[in-house]
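Please read this short report with the model open beside it.

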Amino acid sequence: MLDEVTISRAIVSTYLQKLQDHLELDVAIVGGGPSGLVAGYKLAQAGRKVALFERKLSLGGGMWGGGMMMNEIVVQEQAKRILDEFGVPSKEFQPGYHTADSVLCSTTLASKACLAGLTVFNLVSVEDVMVRDSRVTGLVINWSAVEMGGLHVDPLTIRAKWVIDATGHAAEVLGVISRKVDARLLTENGRVMGERSLWADVAETNTLGNTREAFPGVYTAGMCANAVFGSYRMGPVFGGMLLSGEKAAQEVHRRLSE
Ligand code: 48F
């Protein structure tokens with residue numbers, strides 16, 4: 001016979017244990033779009049203690065909707081190996097252009113990342129960071145429902161050796177740092193430079209170069225990289241997002257080993 005309160009107790013105690021186990025991390029990833037998921041997968045595979053915080057209910061970010069809600073994405077040649085690595089089926093449309101079902105891609109990235117050991121806290125928003133000696137040392141988090149309701153509720157904190165800002169166009173983590181009176185980002189003007197108009201080819205190339213430390217302790221990944229360092233947007237071509245997640249993970253993994 002099922003007891004309702006036992007069901008509630010199981011959820012409350014398991015969730016709180018999971019949260020307690022992840023209050024101190026090697027890497028905290030903010031944003032569960034394609035770049036954050038690839039970064040999470042790679043870091044978990046490398047044995048790092050890594051958790052991902054996602055504001056929304058579901059993972060996948062801007063990938064779900066493909067291009068203008070047509071749920072297919074395009075991935076260029078250089079990144080097809082990542083689709084293959086995750087086991088996401090793709091079709092060659094013409095040489096150099098591969099398509100994949102965006103729902104299958106989003107769900108597969110999410111599933112493989114979690115199975116590799118990434119812990120996801122969805123419905124949690126990152127509203128700020130902690131800084132000590134001019135370096136980010138963790139995240140300030142709150143329930144997304146608190147944020148959406150505009151409620152005055154104080155947050156909790158997560159300590160992390162590294163943070164990856166994978167929040168997409170909004171570059172929210174670096175944005176909040178950039179607005180502090182005493183902080184300068186590692187960009188030309190010390191601020192989030194903002195993104196330029198849509199130019200797929202240049203944007204995709206620049207994404208990888210812009211995947212780097214943008215403030216001590218914080219790496220960019222995905223579209224955030226271009227938004228922070230002032231490059232172009234790219235529309236529904238996703239290779240750069242996958243490669244950027246991979247690069248952020250590799251570099252943060254290396255920095256943790258130093
Ligand atoms: O936007 P998103 O998919 O980021 P991405 O990995 O990929 C960008 C592409 O989808 C597309 C593109 C490429 O062709 O231009 O836009 O760079 O996913 C970002 C995720 O971060 C979450 C947000 O809900 C989304 O799922 N997010 C944003 N801000 C916060 C956050 C925050 N403050 N706290 C938690 N999650």
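## The ligand and its surroundings

A polar contact is a pair of N or O atoms within 3.5 Å; within protein, one must be able to donate a hydrogen and the other to accept it, and residues adjacent in sequence count only if both atoms are side-chain atoms. Val 237 uses its backbone instead, with an N or O atom 3.3 Å from an oxygen atom of the ligand. The protein covers 92% of the 730 Å² of accessible area that the ligand has on its own. Accessible areas come from the Shrake-Rupley method with a 1.4 Å probe; for residues, only the protein chains shown count as cover.

Which residues come nearest to the ligand? They are Ser 35, Glu 54, Gly 62, Met 223 and Gly 235, out of 28 residues around it. A residue counts as near when one of its heavy atoms lies within 4 Å of the molecule or strand in question.

## How the model is read

This is a predicted model, in which local features need pLDDT of at least 70, side-chain atom pairs count only at pLDDT 80 or more, and totals for chains, interfaces and linings use all residues. Residues are numbered from 1 along each chain as its sequence is written, and side-chain values use heavy atoms, with hydrogens and water left out.

## Salt bridges

Side chains of opposite charge can pair when their charged atoms come close. A salt bridge is a side-chain nitrogen of Lys or Arg within 4 Å of a carboxyl oxygen of Asp or Glu. The whole structure has 13 salt bridges. One of them joins Glu 246 and Lys 42, with the closest N and O atoms 3.6 Å apart. Glu 246 lies in helix 9 (residues 239-257) and Lys 42 in helix 2, so the pair ties together parts that are 204 residues apart in sequence. Helices (H or I, at least four residues) and strands (E, at least two) are DSSP runs, numbered from the N terminus.

Are the two partners buried or exposed? Glu 246 is buried, at 8% relative accessibility. Lys 42 is buried as well, at 17%. Buried means under 20% relative accessible area, exposed over 50%, and partly exposed in between (1.4 Å probe, protein chains only).

Asp 84 and Lys 80 form another salt bridge, 3.0 Å from N to O. Both lie in helix 3 (residues 77-86), 4 residues apart, about one turn of the helix. Asp 84 is partly exposed, at 44%. Glu 258 and Arg 255 also pair, at 3.6 Å from N to O. Here Glu 258 is exposed at 67%, and Arg 255 is partly exposed at 24%. Both belong to a network of salt bridges that links Glu 213, Glu 251, Arg 254, Arg 255 and Glu 258.

## Arg 48, a buried charge

Arg 48 sits in the loop between helix 2 (34-45) and strand 2 (50-54). Arg 48 is buried yet has no salt bridge. How far away is the nearest side chain of opposite charge? It belongs to Asp 26, 4.5 Å away. For charge, Lys and Arg count as positive and Asp and Glu as negative; His and the chain ends are not counted.

Arg 48 does have a polar partner: its side chain meets that of His 253 in a polar contact of 2.9 Å. Contact in general means heavy atoms within 4.5 Å. Beyond its neighbours within four places in sequence, Arg 48 is in contact with Asp 26, Leu 43, His 253, Leu 256 and Ser 257.

## Other loops and a helix

Met 68 lies in the loop between strand 2 and strand 3. Met 68 is exposed, at 75%. Its phi is positive, about 50°, although it is not a glycine. Met 69 lies in the loop between strand 2 and strand 3 (72-76). Met 69 has a positive phi of about 70° and is not a glycine. Met 69 is exposed at 78%.

Asn 210 is in the loop between helix 7 (200-209) and strand 11 (213-215). Asn 210 is buried, at 9%. Leaving aside neighbours within four places in sequence, its contacts are Thr 220, Ala 225, Asn 226, Phe 229 and Ser 231. Met 148 is in helix 5 (residues 144-149) and is exposed at 71%.
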